[in-house]
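I opened this model to look up a few loop residues, the sheet and the nonpolar core. My notes follow the order in which I went through them.

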Amino acid sequence: MTPLVLLPGMMCDARLYGPQIAALSGSVPIHLAPITDCATVEELAADVLSSAPAQFALAGLSMGGIVAMEVVKQAPDRVLRLALLDTNPRAELEEVKQRREPQIDKVRAGGLREVMRDELKPNYLANGPLRQDVLEVCMAMALDLGPEVFERQSRALQTRPDQQETLKALKMPTLILMGKEDRLCPLERHELMHTLIEGSDLRIVEQAGHLPTLEQPEAVNAAFKTWLEIQ
C-alpha cells in the first residue's frame, strides 16, 4: 500500500488528523510531516521531501495544502495521489500580508493565546456540537507549537508562490475537499482548483468550516478511503 503523508495546517500538529489516523492506520502506512522549521514554502516543501518515502500519497489542509502544492511542484514523480483540503492555490494578497504584521507583533509580545482566540479561531469553524471541543484542540496545538513557529509560518504564507500553473500540470488522482462553511478558504478557491486539475474529485462537507477533519471526521474518512482506494 502506498504510504500517506499528512501535512497539518498553520499552528496545527498530528491532532488535526487524529480521526483520520485512527481510521486509516490499519490500512495504510501514515507519516505526519511537520511544517514548522522554515520560513518559506519552498524550504518547507524541501524539508518534507527530505524525510518522505520514495513515493507516497500526500494530503494537506490549509497551509498544509499550500506546502503540498509546492511538494508536487518540486517532485511531481514522487507524489502518486494528492488531497487538497480547505486551501488556496493563489499567492497571498497584499492586504492579507499586511494584516499579518500586527499579529506577529502581538505574538512576539507574548500574545499568542489572544491572537488565536480573537483573530484566527472565530473564522475557523461551523456552529455545531463539536465546535468548542475543536476550538480547545486548536488552542492546545497552537500553544504547544509556540510563538516562533507562528512567526515562521506567517512569513512563509506571506511569500508563498502562486501554484495555478503547477495544478494545471498534475495528472495524479486528486481529491479537493472543503467544509461548506469555510470562510477562510471559500468555495470559489476549491472550484478553481477543481477546474485546474483535470479529473479531480471535488467534495463539499456539510456542517463543517475550515477544519472538517475534526468537525465532520466520518465524512472526511469516507472521502479519504475513496481517494486512497481503501475498502
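I looked up serine 62 and found it in the loop between β3 (56-61) and α3 (63-74); helices here are DSSP runs of H or I with at least four residues, strands are runs of E with at least two, and both are numbered from the N terminus. Residues are numbered from 1 along each chain as its sequence is written. The model is predicted, with local features needing pLDDT of at least 70 and side-chain atom pairs counting only at pLDDT 80 or more, while totals for chains, interfaces and linings use all residues, and side-chain values use heavy atoms, leaving out hydrogens and water.

Serine 62 has a positive phi of about 55° although it is not a glycine. Serine 62 counts as buried because its relative accessibility is 16%; buried means under 20% relative accessible area, exposed over 50%, and partly exposed in between, with a 1.4 Å probe and protein chains only.

I then checked methionine 11, in the loop between β1 (4-7) and α1 (18-24). Methionine 11 is not a glycine either, yet its phi is positive, about 60°. Its relative accessibility is 1%, so methionine 11 counts as buried.

Is glycine 110 buried or exposed? I read 62% relative accessibility for glycine 110, so it counts as exposed. Glycine 110 sits in the loop between α4 (94-108) and α5 (112-120). Its C-alpha atom is 7.8 Å from that of proline 147, and the two residues are 37 apart along the chain.

Next I traced the sheet. It is open, has six strands in the order β2-β1-β3-β4-β5-β6, and its pairing is parallel; two strands pair if DSSP finds at least two bridges between them. The edge strands, each pairing on one side only, are β2 (30-32) and β6 (201-205). I counted four bridges between the parallel strands β4 (79-85) and β5 (174-179). Alanine 83 has leucine 175 in β5 as its bridge partner. Helix α9 (187-196) packs on the sheet and touches β4, β5 and β6; contact means heavy atoms within 4.5 Å.

Last I looked at the largest nonpolar core, which has 75 residues. Such a core is a set of buried Ala, Val, Leu, Ile, Met, Phe, Trp, Tyr and Cys residues joined through side-chain atoms within 4.5 Å. Helix α3 gives the most to this core, with seven residues. Leu4 is one of the residues with the most contacts inside the core. Leaving out residues up to four places away in sequence, I found leucine 4 touching, among others, Ile30, Leu58 and Trp227.

Note on methods:
Axes are lines fitted to C-alpha atoms, for helices over the stretch in contact, and angles run from 0 to 180 degrees between N-to-C directions.
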